[in-house]
Amino acid sequence: MNAPQIHVEVAPELAVFVPHARRAGATPLAVDGVSTLGHVIESLGVPLTEVGALVVDDREVPVSHIPAHGESVAVRPVARPQRVPGAPLRFLLDVHLGTLARRLRLLGVDTAYESTDIGDPALAARSAAEQRVMLSRDRGLLRRRELWAGAFVYSTSPDEQLRDVLDRFAPELRPWTRCTACNGLLREATKEEVADQLAHGTQRSYDVFAQCAGCGRAYWKGAHHEQLEAIVERALAEFAGDR
Ligand SMILES: [Zn+2]
């Protein structure tokens with residue numbers, strides 16, 4: 001008798017995770033009658049954070065399903081926008097995603113970021129403790145069971161990364177309300193309160209100031225590079241409002 005086998009078809013959105021030979025159509029895969037479907041899919045290389053519905057012979061099954069010989073499995077991507085139940089939507093980014101972190105903060109999205117490599121266990125523990133969605137391009141990190149929630153960042157381009165996260169999670173956008181340096185909330189400040197951080201020209205030219213409640217950094221209208229204004233305008237044009 002042949003070894004038990006199933007057929008697995010991975011959605012095109014998830015093809016990036018699997019070897020080339022398995023990308024097209026339903027490919028046969030040996031199963032042991034003990035491992036869960038979730039384990040089988042992870043073994044293929046697909047992080048479960050990226051998996052939406054699992055459909056076996058036209059019937060949706062949980063990741064705990066134990067596949068039996070002859071079954072055909074369709075692996076679908078997470079539905080967008082993805083709702084993360086249980087806590088306000090907030091993120092934790094690993095050391096490689098600093099630009100994305102600053103851009104999310106620029107848009108007012110609660111974004112913690114580790115600027116040093118604290119290691120996967122510490123990142124996963126922080127995600128759990130603070131109920132933050134872990135964003136990473138590290139599949140090993142996304143496999144950690146302690147994570148509150150996680151998502152793979154598909155692109156290496158910060159522009160595309162931002163569009164991907166905004167499209168996937170549809171966070172509420174409140175531009176210019178958070179410190180891009182530390183994620184603290186900005187509050188209105190008087191010119192006197194932030195005077196020690198201003199050059200003379202700035203003191204004369206501007207009257208509307210804000211200060212980070214966390215690190216004290218001063219912000220003022222007009223201090224933004226045109227590039228930052230453009231990022232905000234693009235994000236609002238495409239992603240603001242209810243979806
Ligand atoms: Zn700050």
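These points concern the domain arrangement and the salt bridges of a predicted model.

1. The protein is divided into domain 1, residues 5-77, and domain 2, which is made of residues 91-181 + 223-239. The centres of the two domains, taken over C-alpha atoms, are separated by 28 Å, and the contact draws 9 residues from domain 1 and 9 residues from domain 2.

2. About 840 Å² is buried between domain 1 and domain 2, with carbon and sulfur atoms giving 45% of that area. On the side of domain 1, E42, T49 and E50 lose the most area to domain 2, and together they account for 56% of what that side buries.

3. Across this interface of domain 1 and domain 2 there are 3 salt bridges, while E42 and R143 meet through their side chains in a salt bridge at 3.6 Å, N to O. The count of residue pairs in polar contact between the two domains is 7, and the residues of domain 1 that touch domain 2 divide into 4 nonpolar, 2 polar and 3 charged.

4. The structure as a whole holds 16 salt bridges, including that of D164 with R80, whose closest N and O atoms are 2.8 Å apart. This pair links helix α5 to the loop between β5 and β6, 84 residues apart; D164 counts as buried at 13% relative accessibility, whereas R80 is partly exposed at 38%.

5. R103 and D159 form a salt bridge of 2.5 Å, N to O, and since R103 lies in helix α2 and D159 in helix α5, the pair ties together parts that are 56 residues apart in sequence. Here R103 is buried, at 11% relative accessibility, and D159 is partly exposed, at 40%.

Key: Residues numbered from 1 in each chain as written. Predicted model: local features only at pLDDT ≥ 70, side-chain atom pairs only at ≥ 80, totals over all residues. Heavy atoms only, no water. Domains from an automatic or database assignment. Contact = heavy atoms within 4.5 Å. Buried area = accessible area lost by both parts, 1.4 Å probe. Salt bridge = Lys/Arg side-chain N within 4 Å of Asp/Glu carboxyl O. Polar contact = N/O pair within 3.5 Å; in protein donor to acceptor, adjacent residues only side chain to side chain. Nonpolar A, V, L, I, M, F, W, Y, C, P; charged D, E, K, R; others polar. Helix = DSSP H or I, 4+ residues; strand = E, 2+ residues; numbered from the N terminus. Buried < 20%, exposed > 50% of the residue type's maximum accessible area, 1.4 Å probe, protein only.
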